[in-house]
Amino acid sequence: MNNLNGSEKQIAWATDIRKEFIEKTKAEMKSADKNDVLDMKAMLKVADNITEAADWINARRNPKIMFFDRTDFWEARREIKATENLAKKEDSSKKPSIRDILKAKIAEKDGAGASV
């Protein structure tokens, strides 16, 4: 984590707020819908870029509001989405086609019928 800028008291308080935000966001990701997870991943990626203790303190009740007007948040979100879409494409190309599945089932059936 990057160091925060501010008074000693602000830095201590903001560090706790940031830590709690990161832990809570990671926990919420497990039950969130796909778009919320995408936002949360981007927030976690960008959280380290918010180095002013006052920003964390001012948004302490709802830290998520800090992110939506940040360019780096939207860039991170686009990057994560593109990476996930690419991974899906690569994964789907590895899946057998319906034709291959049917051929395998027919072969399975024919092999089972021949041995009986």
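A: Q10 is in contact with A53, A54 and I57, leaving out residues up to four places away in sequence. The model is a predicted one, and Q10 is part of helix 1.

Q: What makes Q10 and W56 a pair that is apart in sequence, and how far apart are they in space?
A: They are separated by 46 residues in sequence, while their C-alpha atoms are 9.2 Å apart.

Q: Why is Q10 called partly exposed?
A: Its relative accessible area is 31%. Buried requires under 20% and exposed over 50%, with partly exposed in between.

Q: Why is D39 called buried?
A: D39, a residue of helix 2, has a relative accessible area of 14%.

Q: Which residues does D39 touch, leaving aside its neighbours within four places in sequence?
A: D39 is in contact with F68, F73 and R77.

Q: Why is R77 called buried?
A: R77 belongs to helix 4 and has a relative accessible area of 18%. That value is under 20%, so R77 counts as buried. Apart from neighbours within four places in sequence, R77 touches N35, L38, D39 and A42.

Q: What share of the chain counts as buried?
A: Of its 116 residues, 24% are in that class.

Q: How do you know that helix 1 and helix 2 are roughly antiparallel?
A: Their axes come within 10 Å and cross at roughly 155 degrees. Angles over 145 degrees count as roughly antiparallel, and therefore this pair of helices, helix 1 and helix 2, is given that name. The crossing is left-handed.

Q: Which residues make the contact between helix 1 and helix 2?
A: Helix 1 contributes F21, I22, T25, K26, E28 and M29, and helix 2 contributes V37, M40, K41, M43 and L44. By class, seven of the contact residues are nonpolar, one is polar and three are charged.

Q: What makes a set of residues a nonpolar core, and which members of the largest one touch the most other members?
A: Such a core consists of buried residues of the nonpolar kinds listed for it, Ala, Phe, Met and Trp among them, joined through side-chain atoms within 4.5 Å. The largest core has 20 residues, and A14, F21, W56, M66, F67 and F73 touch the most other members. Two or more core residues come from each of helix 1 (8-29), helix 2 (34-46), helix 3 (53-58) and helix 4 (71-94).

Q: Which residues does F67 touch, not counting those up to four places away in sequence?
A: F67 is in contact with F21, M43, V46, A47, I50, W56, F73 and W74.

Q: How many helices and strands does the chain have, and in what order do its elements run?
A: The chain has five helices and zero strands. From the N terminus on, the order is α-α-α-α-α.

Q: What share of the chain's contacts between residues at least 6 apart in sequence join residues at least 24 apart?
A: The share is 61%.

How values were computed
Residues numbered from 1 in each chain as written. Predicted model: local features only at pLDDT ≥ 70, side-chain atom pairs only at ≥ 80, totals over all residues. Heavy atoms only, no water. Buried < 20%, exposed > 50% of the residue type's maximum accessible area, 1.4 Å probe, protein only. Helix = DSSP H or I, 4+ residues; strand = E, 2+ residues; numbered from the N terminus. Contact = heavy atoms within 4.5 Å. Axes fitted to C-alpha atoms, helices over the stretch in contact; angles between N-to-C directions. Parallel < 35°, antiparallel > 145°, perpendicular 65-115°, else oblique. Left-handed = near helix turned anticlockwise from the far one by under 90°. Nonpolar A, V, L, I, M, F, W, Y, C, P; charged D, E, K, R; others polar.
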